[in-house]
Amino acid sequence: MEKFVFFGGKGGVGKTTVSCAYALKCANAGQRTLVVSTDPAHSTSDVFDQQFGDDPAAVDGHENLWAMEIDPDQEVERHMQDIRRRMTEQVSAAIVNEIDRQIELAHRTPGAYEAALFDRFIQVMREADDFDRVVFDTSPTGGTLRLLALPDFLGEWIERLVQKRAKSVDLFEKAAIGEKEARRKIDEDPLIAHLQGRKETFEFAGRTLREESAFFLVLNPDELSVRETERSVAEMGDQGLSVDGLVVNKVTPAPDDDDRGRGGRYLRDRVATERERIERVREDFDEPVVAEIESRVREVKGDLLAAVAAELEI
Ligand SMILES: Nc1ncnc2c1ncn2[C@@H]1O[C@H](COP(=O)(O)OP(=O)(O)O)[C@@H](O)[C@H]1O
Ligand SMILES: [Mg+2]
């Protein structure tokens, strides 16, 4: 089994719940497991009734289990500060204000949010030596997936920049006004070094996601969720990532046979519709359905989490 496991899907389908259940299952099997949450709304902190922060912390009452929560807003802010710092080191004070404005604008797009989160994911993957397994309660989508093509673009860009720099150094030397150090400086150019660093980071991410990661999509037994899942599978396929399995969550439990009341009838119809849908998912998708998890009356935490974990055949 791959070291990194991602549970993707639309908001509310049960990614956080399933991730925590799966992490618990891994931990109980003796693997040192870290579960990484990114959702400020309902998160690992709610599931385990314990506050988690930006660094892995042991989950009380469970062996081999750690959790951390990434705050996307904080990541975007960090990202922005980072770029600002680097830019202001390299440009004249006169245009710093204008640059500030541009950076602000750029970071108010939804893509920036995703990009900053993805950067943090990569960092977590890089620093995961202490763990046998790392479970993410979300999966890269859309814009983030396209970032995986970045090394190719950056490669070309860096190449061209280096050539341009070499040419101007040449000119300086011919005019005999160049400093002797000029040529050596190409290698030390902070911009080129930075781009090189980014390129390596995304190469690492692409490689790790393709070779050391497993992806599961969580869905609910309703039309919208099924269609969404089809789209996600296709989107990931475009980037050379394959989905390993589907988790159908919030499946309506069947009523007792002798329940002839209105509630019973409703449930029976609902169960029949969902059955049909799940059958169709099993037939239409190449990816296997690895779990069907029933809807519980209450939020999934505590003992319920262990029960859900037992239903996962991953
Ligand atoms: N099988 C289930 N039965 C009952 N409630 C569930 C189930 N799975 C998830 N929930 C509840 O649904 C809500 C959304 O689940 P969550 O795991 O936070 O979804 P996501 O992370 O995809 O947004 C939570 O309140 C959670 O407790
Ligand atoms: Mg969540």
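This report describes a strand, the cores and the aromatic contacts of one protein model.

The model is predicted: local features need pLDDT of at least 70, side-chain atom pairs count only at pLDDT 80 or more, and totals for chains, interfaces and linings use all residues. Residues are numbered from 1 along each chain as its sequence is written, chains are lettered from A and ligands numbered from 1 in the order in which they are written, and side-chain values use heavy atoms, with hydrogens and water left out.

**Strand β6**

Helices (H or I, at least four residues) and strands (E, at least two) are DSSP runs, numbered from the N terminus. Seven of the seven residues of strand β6 (residues 213-219) are buried, so β6 is largely enclosed by the rest of the structure. Buried means under 20% relative accessible area, exposed over 50% and partly exposed in between, with a 1.4 Å probe and protein chains only. In a regular strand the side chains alternate between the two faces of the sheet. In β6 both faces are covered: one side carries Ser-213, Phe-215, Leu-217 and Leu-219, and the other Ala-214, Phe-216 and Val-218.

Two strands pair if DSSP finds at least two bridges between them.

| Partner of β6 | Sense | Bridges |
|---|---|---|
| β1 (residues 4-8) | parallel | five bridges |
| β7 (residues 245-251) | parallel | four bridges |

Phe-6 has Phe-215 in β6 as its bridge partner, while Val-218 stands opposite Val-247 in β7. From β6 the chain passes through helix α10 (residues 223-238) to β7 in a right-handed β-α-β crossover. Right-handed means that, with the strands pointing away from the viewer, the path from the first strand over the helix to the second runs clockwise.

**Nonpolar cores**

A nonpolar core is a set of buried Ala, Val, Leu, Ile, Met, Phe, Trp, Tyr and Cys residues joined through side-chain atoms within 4.5 Å. The largest has 39 residues, of which Phe-118, Val-134 and Phe-136 touch the most other members. Helix α5 (residues 110-126) gives this core its largest share, six residues. Apart from it lies another core of 31 residues, including Tyr-22 and Phe-216.

**Aromatic pairs**

Rings of Phe, Tyr and Trp (its six-membered ring) pair if their centres lie within 6.5 Å; planes under 30 degrees apart count as stacked, over 60 as edge-to-face and the rest as tilted. The count comes to nine aromatic pairs. Phe-6 and Phe-121 form a tilted pair, 6.3 Å centre to centre with 45° between the planes. This pair links strand β1 to helix α5, 115 residues apart. Phe-6, Phe-121, Phe-136 and Phe-215 form one aromatic cluster.
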